[in-house]
Amino acid sequence: MKNLLLSLSFTPEIATDDYVGFTFFVGCMAMMAASVFFFFSMNSYDRKWRTSILISGLITFIAAVHYWYMRDYWYVNGSSPTFFRYVDWILTVPLMCVEFYLILKVAGAKKSLMWRLIILSVIMLVTGYFGEAVYRDQAWLWGLISGAAYFIIVYDIWLGKAKKLAEEAGGAVLSAHKTLCWFVLVGWAIYPIGYMAGTPGWYEGIFGGLAMDVIYNIGDAVNKIGFGLVVYNLAVTASAQRDGNS
Ligand SMILES: *C/C=C(C)/C=C/C=C(C)/C=C/C1=C(C)CCCC1(C)C
């Protein structure tokens with residue numbers, strides 16, 4: 001209890017040029033605010049969307065808690081909180097795969113689609129962790145394997161089974177699916193850039209000047225909050241359309 005109070009009342013001093021510290025701080029706040037928004041919006045649309053928005057809120061909430069620790073870790077150690085970063089991702093990215101499934105369930109998506117995406121995302125993250133934290137000398141190799149899993153996810157949702165289901169559903173579901181596909185193609189592509197900026201390898205010269213954590217923090221804000229807002233928008237739009245028809 002005393003530790004908790006101490007950590008709550010502790011005010012770190014953030015240097016004006018500490019962009020990593022700054023983005024951890026702002027990221028933490030943004031994730032908290034987004035969670036409150038998603039949780040409190042639960043009564044604004046049809047019941048059937050509740051689980052989807054609940055998951056959007058859980059994603060930003062889990063991130064908020066991790067950002068709280070990462071912010072602290074960075075302040076105290078001045079190094080990347082790689083462990084917390086990957087624990088956060090391993091919890092939140094599979095939840096995003098669940099979102100894809102829930103949205104496409106109206107069109108008859110099977111659980112196998114969800115599990116396929118979850119397994120691919122876990123492979124992507126575990127191999128990324130190996131490259132960043134365990135076998136840094138072969139970071140490029142682990143990054144490549146991770147990238148392959150990422151590529152299959154992109155293929156699956158853009159051109160595979162998920163796309164067919166979205167087309168069958170049509171309307172608001174199809175347009176939400178398309179937007180989420182763009183998030184995965186462009187938004188998620190921010191992460192390999194951060195990885196290349198933060199690990200040794202032939203690519204060091206390309207992104208060497210950039211701070212890995214700033215890139216990851218921007219990626220998280222875009223993907224976790226933005227992704228949730230797309231789902232929120234779908235819930236509101238689809239509920240309004242239904243009300244209009246009835
Ligand atoms: C909320 C967190 C999200 C959406 C995290 C996504 C992370 C990735 C898409 C990470 C991908 C990576 C590669 C494709 C290759 C290099 C290693 C990773 C793990 C950074």
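Helices are DSSP runs of at least four residues, numbered from the N terminus. The legends below describe close-up views of a predicted model.

**View A. The salt bridge between Asp220 and Lys224 in helix H11.** Helix H11 spans residues 212–245 and holds both Asp220 and Lys224, which stand four residues apart, about one turn of the helix. Their side chains meet in a salt bridge, with an N to O distance of 3.3 Å. Both partners are buried: Asp220 has a relative accessible area of 0%, and Lys224 has one of 3%. Salt bridges with shared partners link Asp220 and Lys224 with Arg85 and Asp213 in one network.

**View B. The salt bridge between Arg116 and Asp156.** The side chains of Arg116 and Asp156 form a salt bridge of 2.5 Å, N to O. Arg116 belongs to helix H5 and Asp156 to helix H6, so this pair ties together parts that lie 40 residues apart in sequence. Arg116 is partly exposed, with a relative accessible area of 42%, whereas Asp156 is buried at 8%. The model has a count of five salt bridges.

**View C. The salt bridge between Glu167 and Lys163 in helix H7.** Here the side chains of Glu167 and Lys163 are joined by a salt bridge, at 3.7 Å from N to O. Helix H7 comprises residues 161–169, and within this helix the two residues are four positions apart, a separation of about one helical turn. Glu167 is partly exposed, with a relative accessible area of 45%. Lys163 also counts as partly exposed, at 31% relative accessibility.

**View D. Arg71, a buried residue with no salt bridge.** Arg71 is located in helix H3, which covers residues 50–77. This arginine is buried, yet it has no salt bridge. When neighbours within four places in sequence are set aside, Arg71 is in contact with Pro12, Phe24 and Phe25.

**View E. The nonpolar surface patch.** Nine side chains are shown in this view: Trp115, Ile119, Ile123, Trp140, Leu141, Leu144, Ile145, Trp202 and Ile206 make a nonpolar surface patch of about 980 Å². The elements that give two or more residues to the patch are helix H5, residues 111–134, and helix H6, residues 139–159. Helix H6 provides the largest share, with four residues. Leu144 is found in H6 and is exposed, with a relative accessible area of 56%.

**View F. The buried residues of helix H9.** Helix H9 runs over residues 190–198, and within this helix Tyr191, Gly194, Tyr195 and Ala197 are buried. These residues cover an arc of only 165° around the axis, and they therefore lie on the same side of H9.

Technical notes
Residues numbered from 1 in each chain as written. Predicted model: local features only at pLDDT ≥ 70, side-chain atom pairs only at ≥ 80, totals over all residues. Heavy atoms only, no water. Patch = residues over 30% accessible without salt bridge, like charges linked within 9 Å, V, L, I, M, F, W, Y side chains within 5 Å. Areas by Shrake-Rupley, 256 points an atom, 1.4 Å probe, with all protein chains shown as cover. Salt bridge = Lys/Arg side-chain N within 4 Å of Asp/Glu carboxyl O. Buried < 20%, exposed > 50% of the residue type's maximum accessible area, 1.4 Å probe, protein only. Lys, Arg positive; Asp, Glu negative; His and termini not counted. Contact = heavy atoms within 4.5 Å. Arc of directions from axis to C-beta.
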